Every structure is written in C-alpha cells, then in structure tokens.
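Please look over the sequence and the structure first.

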Amino acid sequence: MAKPESKKIFFENLSGAGKAIAVLTSGGDAQGMNAAVRAVVRMGLYVGAKVYFIHEGYQGMVDGGENIVEASWESVSSMLQVGGTVIGSARCKEFRSHEGRLKAALNLVKQGITNLCVIGGDGSLTGANLFKEEWSGLLAELVEQGSIEADAVSKYSALHIVGMVGSIDNDFCGTDMTIGTDSALHRIIEVVDAIMTTAQSHQRTFVLEVMGRHCGYLALVSALACGADWVLIPEMPPEDGWEDKMCRKLSANRAGMKRLNIIIVAEGAIDGSNRPITTDYIKDLVVKRLGFDTRVTILGHVQRGGTPSAFDRVLASRMGVEAVLALLETTANTPACVVSLCGNQLVRLPLMECVQMTQEVQRAMDGKRFEEAVKLRGRSFENNLKTYKLLAHRKPESELPTSNFNVAVLNVGAPAAGMNAAVRSAVRVGISEGHKMFAVSDGFEGFYKGQIREVKWADVGGWTGQGGSLLGTKRTLPAKHVDKIAEQMREHKINALLIVGGFEAFLSLLELLTARGKYDEFCVPMVMVPATVSNNVPGSDLSIGADTALNAITATCDRIKQSASGTKRRVFIIETMGGYCGYLASVGGLAAGADAAYIFEEPFDIKDLQANVEHLTQKMKTGIQRGLVLRNENCNENYTTDFIYQLYSEEGRGVFDSRKNVLGHMQQGGAPSPFDRNFGTKISAKAMQWVTKKLLETFRHDEGRVFANTEDSCCLLGMRRRALVFQPVVDLKGETDFVHRIPKEQWWLKLRPLMKILAKYKTSYDVSDSGQLEHVVRDRPKESDASVAM
C-alpha cells in the first residue's frame, strides 16, 4: 500500500444527522456478516444517522417495499454469534439490467437513502460501483418518468458507496483477510483433525476437497495448518509428472512409520494445461499406484456454516465501524471504497482498483501465467505458498546445504496453543537450511540439566495441530544457572538459539544478553518468537496462542449467554486470564458482545461500576434479556470478581439477577486455532531464516566459530501494525512496564471505545488511523510484509 499522509480526525466532529445509511449483504453468505451488519447499524445510530436494512440483497433493493426497513438498536441484538446473514442474501439478475437499477434507485430515493454499505464479493461490489456511476442519470430518468420530483435530483445528487468483502474464499485483492475466511478455516480444520484420528486408526489416505472457487487460499492455509502431505491449488498447478512425485512422497511417508496421508484439493484445482484435477482422479491414482485404502471427503457448504470465529467477529465489527466513518467523510467526488485489512491495520482502498486486480488474477491464470497470478494474490498468499513448500517437501540429503551450525529450539513460559507449530516450523526450516537442530526440553530448566537432543525432520511430524507444548516449558529464567547453561552450549556446540515463549522468554533474552560480557558462549544469534495467551509481550501486536484463547472465551460466553435463554433477565460476570494485560478481556468482550470489560490498563472506581449497573438496568427495561461483563484477573486488587458479582446482585435486585464464572486454564488448552497454527508456522520460519543470515554474517573463518555480540544479534520478531519486524530486545526495555509485565503502549486499547459504542455507551473514539484513502500497490516492499495476517 502507498504510505498515507498523516491525518488526524476528531470523531466528535463527525455527525450523521440528516443522513440515511442502508446496509445489505449480497452474493454468497459468510460467517461474520451479521457482526458487520450489527456494527454498521449501531455506529450509524450512534452518530445520529437513520439506518435501514435492505433484505435479500440487491433483489430487495429492486423489489423495495417491506424489503427496506428502518433498523433499531435492539433489532441487531443477539445476532453477533449467528452465522450466515440474518437480513438475507440473494443473487439478482434484475439488478444487472438498467431497468432493475432504475427500480432500485427509485426505492432508495423514496427512503432518502444516499449512503450504501455493501457486504459481499467482487461481483456485488462491482455492481455497487456501476450503480454509483449511473446514479445521476438514473435520477434524471426518474424525473422524466414523473416518478420523483425535480428537486430530488439536487437533494440526492450523489450516491456514496463503501464496501466490505464478505466471502469465505479470500479471493479479493487488496485485503489480507475477508470476512468469513477465518471461520471457514475453523470448519475445515475441525473436520481434518477429526479425520486424522480415523485415518490413523486404519492407515488410510484421505483426499479432501475444500471450497474457494478459483482461489486456492482455503486449501493452501488449511494444508499449512494441518501439515498435509500434498495440496493442489489453481494458482500454482503441479508440474508435469506430479502424479509420480506425489505417490513417491506418500509412499516415503508410510515407510517412515506415518500411518496416514492427507491430500487437500481446492475445488478449482487445475493442471498445467488448465484441466480440472478432481478428488476422484486422485483417489483412483493412489489406489492404482500404491494400493492404499483411500477415501474422499468433500466438505461442501459446511465451510460456510456455523458460528463465526472470534477473529471474524472482531474484524467485521472493526470494518463495520470504519465503513460508517468512511460514509460520513465522503464527498461527491470520493470514489467508492472498500474497507480492507493490511497486517493488523484497517485501510480504505478504491473499490475498482481492487476489483480490477482481482480480475487480473483470473486473466493471468487463464493465460497460464501462474507465477504472476500468485504475486497478484498478494504477499500473504505468496508467503503461505513458499512456507508450505519449505515445510512439506523435504529435499534429499544430497541437495541440502552443509552449514555445520547447531541451532537449539526451546519453549519458555506458560504453554500456549500454536507453540508446537512454531517448533515444527523452526526445526524443518533449520534442516532445510543445512543446520543440525536441537530440541531443549522444559525450557531453561531442562537446558542447564542437559535435556538436549538432536531432532530430525520426521520427529516433528503431526505437531501442528497439537495444543500445549510437546517440548515441555517452564517459567525458569536463565540468570541463576547461566554457568551451567553456558557449559551445555559449549558441550553441544550450540551456535544459535530460537526461543518460543511469552514474557519470561523476553526476560530470558535480556539476561542472556547481559551474560555475554562473561560468557562467550552467549555471543551467538538469539531470537524470540512471542507465544502467550496473555498477548503481553512488548514489540508485538499479537502473540501465538492469543487467538485460540479468544475463541475459547468467545465460545464459552456464547454458551453462558444461551443458558439464560427463556429465563428471567440475567447478567453474567466472567473472569479471564491475562495477568495485568487486558487484551483477552477487551477483545474477547468485543467478540462476545460484552456490555463492559474491566482491565488494569483503564483504571475504574466504584462510580464506574455503579454507572455500568445503571446502564444494564436501563437496557433490561427495554427488553434485553442478558448482560455480559468481563473482568481481567488482575484488573484491581480490591474490586475482585466476587465483589463485582455481589455489587451487581445487590444493585440489580428486582431487575436482573447475576451469575459469575471463572474461565481459568481452559483458555490455555485445546487444539490451536487455524490462525495460531499459521501464525506460529510463518513467524517461526521467518525467525529461522534470520538465524541463518546472522550465522553467516557472524561466522569468523579465521577462528572457525560464530561470534555475535552486537545488540542486533539478540532480537524479538514481532508484528507491528503492517510489518513483521526484528527488534533488538535492548531497544524494547524502554517500552516495557516490567512491574506489571505489559508493554507501555498497546494497540488494542483503541478498540475499547468501539466495544463501548456497540454496547450503547457514550464515549470518545480515536480515529487517527482512519480517513486515509490509499491505493493498491502491486509490489509491497519486503519490510512491509503483512503476510502474518493469515
């Protein structure tokens, strides 16, 4: 993306008074669409605009009447956790005709609507842009017909369009993730994990077909997330003779004591001659050539169904609010834009620039320019493909470089889902780079005790989907045992360290950096990959494990709220983990539709608690049946979960009753989410490539050893806004609150007002990152790598 100029916007100066905004969902449905609709409605009402639902997409716009209805705050209650789209979606042939668009224009003018928020795919958004371009001509035509008054042309002179991409396929250029993609990956991975258990029992090969039309994103990322043996996608057809290579690999895996094989096929998979590759063809091939018991599973529309993931709820809510802000700022000359995700930041891009690039992908594939198609898909897709090739296909020993370097990998801190995916990735990339890889059990405690062993390619097979830490992890810091750790480094000739862990891992690197003054053994490249459910590591917006924890919190909150269905009015007080970091409580609250979230970073007193009780009391009187309040475990030493529960119980007496629930360690357990598997895999691969680069830079040929004692040889790899950045840990000391073990500045605090607005509180909202229309740039520079966002 082209770098935007700095621009500050004051939210309080943006008013929607006198404006009418309509929201519609069009094309295929996707999980998370309801969260986007809810955010548009509530943000629109919050700024004083009238908001309308258009039921059944463009068909409802053409038909008018009861399909266009005014929305209220309560009309979007209890829809956050519902899959699909409750306002309906339909493909409309009539809207493709001039006559259909003329009817739609008349129906909008009747309601005074000149602001459209369209949630759909590239076809739906292209239709919206055409509608905008024809708008003035359509109004003139309606005046000629006598359908509207002449003054309506000036009153409704411009139609403003803002789009959000709702599609499980993730096939829209310009955004790293579309609404629904993450949820679809959850469905796929749930099925793959279940199939793996039965496949292992019977030593079977399974061929799975996933959706995606002409885009292989779902197939590629699910293959990465489950460690599939082979993947077939339309953007990169296999080379001639691929059948032989695939069968050799499947056979080699079985010979290596692997009891199952997984092959994932995108529904649009093709060969080099653009001929379709079907699941039945692959099944017949494996049976005929290898004689393996082979089964086919076509996932179909199960991928579209089910409740949206925490990621999709938060993404859709952020996008919905941003869409309303964009509509408030549009002028007659503002082009139709689409709200997109770049790394961890929302941006606005010209709609047609994105559509044109999306269409170029298909033209490149039709013309057999497959490398160009991969590049046009974006750096995220390109990096997914490179990482998969690196991890899935082992080079023969004869083709591996011989570096003679020994690299140790260890987990430090509390377990986090996705740690094993990160370790697997580090080990396999390290072996591909020619290193000898060592695994350290039980963190630095195991290190000083000598629990170090060489680990091979096959040793980490099947690790991607496993929760917890298979290596074992402890919170022990190295300072007390630094002499024994140095001895083990010397004994095993360790030339580099890769640490996967949380805040303890960060502290460990600082201690090892200090120890360099006394022990040359620590003058080696050292890098940390953040992994903790608390997401409290300085230098990174996200940590491995946090997404899985968020999904556990969200799913539990959904069930808890449902438990009150049909009973009297009830408020639930939920305690989350996180230490002093309020990330889980705040973002979990946004994903679950909480009314309040108490955190350490935002001090509160008894007046705030009383105001929250009064706010909930008012909501209950309007017909809302359930309330949800989240509390971070260390938000306040006096206002404990029990205290807040008792306060709500007493003050709400006669209006609602209260229940409390401490979620505890269930937030750390379970299989890692697709996001954490992919995030852990890619960030760890990048870290290992950095290790290789540093080893080559710091190797002293005259002494025959590695000697790295500069600050930039001891780094943390973190995600900062749009980029994955290597940061010397010493530079992060000034950004860290060591007493409370949190960063001094945390990006997600900007989301808290969004949660409050959607819960009907009056508040200020920082929109300094909004209001910037950027342009699609084909070749994003490497330092601006946003591929981490799945």
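By class, 22 nonpolar, 12 polar and 14 charged residues make up the lining of the largest pocket. The model is a predicted one. The volume of this largest pocket is about 1,600 Å³. It is lined by 48 residues, and those closest to its centre are Ala228, Asp229, Lys249, Ala392 and His393. Helix H6 (181–202), strand S7 (230–232), helix H8 (242–255), helix H13 (379–392) and helix H14 (419–432) are the elements that give two or more residues to this lining. Of these, H8 has the largest share, with six residues.

The largest cavity has a volume of about 270 Å³. Its lining consists of 22 residues, with Phe311, Asn344, Leu542, Tyr583 and Trp747 the closest to the centre. By class, the lining of the largest cavity holds 16 nonpolar, three polar and three charged residues. At least two lining residues come from each of helix H10 (310–329), helix H18 (546–562), helix H19 (583–592) and helix H22 (674–698). H10 gives the most, namely five residues.

The table sets out the two spaces.

| Space | Volume | Lining residues | Classes in the lining |
|---|---|---|---|
| Largest pocket | about 1,600 Å³ | 48 residues | 22 nonpolar, 12 polar, 14 charged |
| Largest cavity | about 270 Å³ | 22 residues | 16 nonpolar, three polar, three charged |

The remaining part concerns strand S5. How many of the six residues of S5 are buried? The strand covers residues 160–165, and six of its six residues are buried. In a regular strand, side chains alternate between the two faces of the sheet. In S5 both faces are covered. His160, Val162 and Met164 are buried on one side, and Ile161, Gly163 and Val165 are buried on the other.

Which strands pair with S5? Strand S4 (residues 115–120) pairs with S5 in the parallel sense, over six bridges. In this pairing Cys117 stands opposite Val162 of S5. Strand S10 (residues 337–342) also runs parallel to S5, and three bridges join the two. Here Met164 stands opposite Val339 in S10.

Technical notes. Residues are numbered from 1 along each chain as its sequence is written. This is a predicted model: local features need pLDDT of at least 70, side-chain atom pairs count only at pLDDT 80 or more; totals for chains, interfaces and linings use all residues. Side-chain values use heavy atoms; hydrogens and water are left out. On a 1 Å grid over the protein atoms alone, a cavity is a set of points where a 1.4 Å probe fits but cannot get out, and a pocket is an open set with protein on both sides within 12 Å along at least five of seven lines; lining residues have an atom within 4 Å of a point. Grid points are joined across faces, edges and corners, and a volume is the space filled by probe spheres set on the points. Helices (H or I, at least four residues) and strands (E, at least two) are DSSP runs, numbered from the N terminus. Ala, Val, Leu, Ile, Met, Phe, Trp, Tyr, Cys and Pro count as nonpolar, Asp, Glu, Lys and Arg as charged, and the others, Gly among them, as polar. Buried means under 20% relative accessible area, exposed over 50%, partly exposed in between (1.4 Å probe, protein chains only). Two strands pair if DSSP finds at least two bridges between them.
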